[in-house]
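Here is a friendly briefing to read alongside the model. Please keep the viewer open as you go.

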Amino acid sequence: MSTGTKPEQRRHYTNTRGEHLLRRYQRAHRRRRRAEVRLSEASQRRLMWTRFKRHRLAVVSLLLLVGLYGVALLAEFVAPYGKLDRFPDATYAGPTRIHLFHEGKPHAPFIYGERVALNPDTFEYEAVADTSQRFPVKLWVKTDPYKLAGVIPMDRKLFGTGDDSQPLLLLGADHLGRDLFSRILHASRVSLLVGFAGVLVSFVLGVILGGLSGYFGGRVDAVIQRTIDFIISIPLIPLWMALSAAIPPGWSGIQTYFAITLILSLVGWTGLARVVRGKVISLREEDYVTAARISSAGHLSIIGRHLLPALTSYLVVHITIAVPTMILGETTLSFLGLGVTAPDVSWGSLLQQAQDVTVVANYPWLLTPAAFLVVAVILFNFVGDGLRDAADPYSR
Amino acid sequence: MSHYIIRRLLIFIPFLALISIVSFTIIQLPPGDYVDTYVQNLQQQGGTVNAQERAALEKQYGLDEPFPVQYGVWMGHVLRGDFGNSFLYDRPVADILAERVPRTMAIALAAILFTWLIAVPIGILSARRQYSVWDHAFTFLSFLGLAIPGFLLALVLMYVVYDKTGWLVTGINSPEYRSAPWSVDKAVDMLKNLWLPLVVLAVTSAAGVSRVLRASLLDELKKQYVTTARAKGLPEGKLILRYPVRVALNPLISTIGWMLPAVVGGEVVVSKVLNLPTTGPVLLEAILSQDMYLTGALVMMLSALTVAGTLLSDILLAVLDPRIRYE
């Protein structure tokens with residue numbers, strides 16, 4: 001027996017496990033056949049989902065993303081403090097360490113109290129752990145009553161010390177002594193949802209304009225295509241910046257937020273419109289469209305009921321890829337001070353504090369919102385990649 | 001060929017008109033107009049303006065006219081090189097543009113060259129060794145590059161450089177060289193400062209470009225002329241560089257089309273973070289203080305130059321690639 005064959009095959013010839021293996025192969029084969037039969041009648045959506053599930057990285061990313069959105073929606077519950085809660089003693093406090101051992105012995109998670117002491121070397125007042133005071137970190141801890149998502153009254157938080165005299169600052173505090181971790185969670189609601197809100201607007205614009213452009217062709221097509229050419233050939237960031245200057249300073253957080261979403265999606269639709277147009281052009285000569293036309297279906301119902309459903313998978317893929325662009329756009333604007341402004345927070349506006357290198361050098365934890373941003377965008381890209389492979393009917 | 005160039009140039013004219021309309025709309029968008037701001041500034045300095053003077057001012061700037069007329073007046077001035085006055089800097093806008101816009105454009109172009117310098121070897125390597133460790137590593141890096149916004153990369157790199165070496169990268173030249181005449185030292189100092197914005201801008205776009213090159217090179221490598229050349233015994237390195245790479249480089253020229261707007265936009269933000277004396281900080285200042293003539297003019301110049309660059313790259317591509325049909 002040559003050494004190149006697989007161990008299973010070798011065993012097949014050398015011992016009695018052969019029969020057993022054969023049965024196993026047959027069973028696997030039958031299972032695969034059954035799956036094939038089932039999938040042969042499956043809808044496009046189901047096929048896509050089956051292929052997507054094979055892409056392990058994409059599935060994990062999707063789960064993580066869902067988790068991230070879940071945390072963002074439940075920010076008030078998960079974050080130990082409100083986005084504006086201040087701890088005057090904790091300005092620029094570093095991340096609080098959670099200890100699992102006290103004097104060498106295992107202990108339920110707790111944090112030490114802190115007192116300010118003079119450092120004999122640098123002659124600076126520094127926070128020093130006070131090992132005589134211990135604050136246990138508890139789950140489902142009781143706090144002041146608040147409203148989850150502005151509706152459900154609650155008086156419990158996911159975790160905390162239940163004692164405000166010693167704040168639990170997982171990622172440190174900012175220049176006003178506000179808990180950065182809590183602020184990041186509250187900010188993620190703004191930053192993550194702007195992606196969806198923006199994509200929703202650009203989705204509507206892109207599908208309608210792209211559909212019209214592809215279906216009618218001719219002059220309509222030319223006008224829409226030149227508009228798209230124009231929009232993608234000018235530098236967007238300066239344009240976004242200039243447009244956000246038009247947001248009246250008196251507007252409330254939500255109004256500003258919607259204005260930013262609109263500004264971002266002003267451009268987002270172009271890519272989608274191109275995809276939709278290309279697909280519609282290739283589909284409009286199909287027999288079933290001709291059949292619909294002969295049965296005197298209106299233009300709009302042909303586009304809406306016969307053409308667009310055929311592109312659902314492409315639309316889903318495109319949306320997933322478009323969301324991170326929106327998130328990055330909002331972050332950039334807010335970072336420059338042109339987007340979300342205090343008291344509202346977004347990842348970009350949190351990073352504003354980190355604009356100065358000397359500040360970052362002293363308080364590096366102020367950069368942590370960036371980690372959330374990068375992770376979210378990468379996850380979206382992975383999911384988009386998986387979906388793109390799954391939606392491609394020629395992949396395997 | 002000349003037909004194609006003329007047609008592209010003809011499309012360029014309505015684009016320019018559209019850019020000017022968008023820019024003028026930007027000037028008009030914020031509540032209040034130039035006279036409001038002017039009057040406010042005067043009042044802050046203790047002056048007063050009565051209704052008559054106000055009306056005279058409005059007439060002077062044509063603010064009592066409808067939008068198209070105002071646009072016509074503004075455009076007439078712009079065509080004569082008069083972009084109005086920036087009250088933020090108390091200088092003609094045209095001067096500020098002449099000082100700042102060329103720098104932004106120069107940095108953007110240098111960044112594009114730098115992008116190719118990074119992306120071409122990476123693209124060739126990952127296409128030659130598809131699914132190797134290198135390919136996967138670069139794929140991952142390109143995902144990372146796409147996920148990190150330019151301003152963040154600039155911040156982090158600045159912090160790392162400052163933390164490790166104590167060298168604070170800021171501006172184009174260090175303070176002691178800023179007003180010095182040109183010399184070798186000054187040029188060296190400039191490179192010491194300028195590499196960071198270039199790297200930041202290049203990394204972000206190199207992620208995309210190397211993927212494009214990889215994909216087009218993979219297509220080329222499968223073609224028969226490569227097999228033929230190999231069968232004839234051409235050394236592998238020579239073969240790759242001389243034939244498939246040359247063909248696959250063509251899409252790179254067309255990437256200028258989408259890279260230029262992105263790089264110019266990125267430059268605006270990065271230069272704000274790194275405090276470069278280009279358009280970025282000026283644009284942000286102008287927007288925050290509602291200096292709308294400056295804002296509009298900056299957006300217009302940046303957009304017009306970007307569109308012109310895209311046009312040039314299209315024509316260049318048509319000249320270089322004989323396969324492109326001009327209809």
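Predicted model: local features only at pLDDT ≥ 70, side-chain atom pairs only at ≥ 80, totals over all residues.

Residues are numbered from 1 along each chain as its sequence is written, while chains are lettered from A and ligands numbered from 1 in the order in which they are written.

**Chain B as a whole**

- Chain B holds 13 helices and two strands; these are DSSP runs numbered from the N terminus, with helices being H or I of at least four residues and strands E of at least two.
- The C-alpha trace of chain B spans about 90 × 60 × 35 Å along its principal axes.
- Of its 327 residues, 35% count as buried. A residue is buried if 20 or more other C-beta atoms lie within 10 Å of its own, exposed if 12 or fewer, and partly exposed in between, with C-beta atoms placed from the backbone.
- Among contacts in chain B with a separation of 6 or more, 73% come from residues 24 or more positions apart. Two residues are in contact if their C-beta atoms, placed from the backbone, lie within 7 Å.

**Domains**

- Chain B divides into domain 1 (2-86) and domain 2 (93-320), with bounds that come from an automatic or database domain assignment.
- The centres of domain 1 and domain 2 of chain B, taken over C-alpha atoms, are 33 Å apart, and the contact takes 21 residues from domain 1 of chain B and 21 residues from domain 2 of chain B.
- On the side of domain 1 of chain B that touches domain 2 of chain B, α1, α2 (34-44) and β1 of chain B each supply at least two residues. The most come from α1(B), with twelve residues.
- By class, that side of domain 1 of chain B has twelve nonpolar, seven polar and two charged residues. Here Ala, Val, Leu, Ile, Met, Phe, Trp, Tyr, Cys and Pro count as nonpolar, Asp, Glu, Lys and Arg as charged, and the others, Gly among them, as polar.
- Chain A is assigned domain 1 (90-172) and domain 2 (182-391), whose centres over C-alpha atoms are separated by 40 Å. Five residues from domain 1 of chain A and four residues from domain 2 of chain A make up their contact.

**Where the chains meet**

- The interface brings 44 residues of chain B into contact with 33 residues of chain A.
- Several helices of chain B each supply at least two residues to the side that touches chain A, including α6 (133-147), α12 (279-288) and α13 (292-320). The largest share, nine residues, comes from α11(B).
- That side of chain B divides into 35 nonpolar, seven polar and two charged residues.

**The nonpolar core**

- The largest nonpolar core has 161 residues, and those touching the most other members are A:M241, B:A111, B:A154, B:V263, B:A297 and B:L298. Such a core is a set of buried Ala, Val, Leu, Ile, Met, Phe, Trp, Tyr and Cys residues joined through C-beta atoms within 7 Å.
- Not counting residues up to four places away in sequence, B:L298 touches A:P238, B:L97, B:T279, B:V282, B:L283 and B:A286.

- Helix α2 of chain A (residues 17-40) has 24 residues and reaches 34 Å from its first C-alpha to its last, close to the 34 Å expected at 1.5 Å a residue; the expected span is 1.5 Å times one less than the number of residues.
- Zero of the 24 residues of α2(A) are buried, so this helix lies largely in the open.
- In α6(B), the buried residues are B:F138, B:S142, B:G145, B:L146 and B:A147. Their cover includes α15 (368-391) of chain A together with α5 and α8 (184-221) of chain B.

**Single residues worth a click**

- B:D90 has a positive phi near 55 degrees without being a glycine, and sits in the loop between β1 (85-86) and β2 (91-92) of chain B.
- B:Y131, also not a glycine, has a positive phi of about 65 degrees, and its place is in the loop between α5 (93-128) and α6 of chain B.
- Most residues other than glycine have a negative phi.
- B:D90 is exposed because it has 8 other C-beta atoms within 10 Å, and B:Y131 is exposed with 9.
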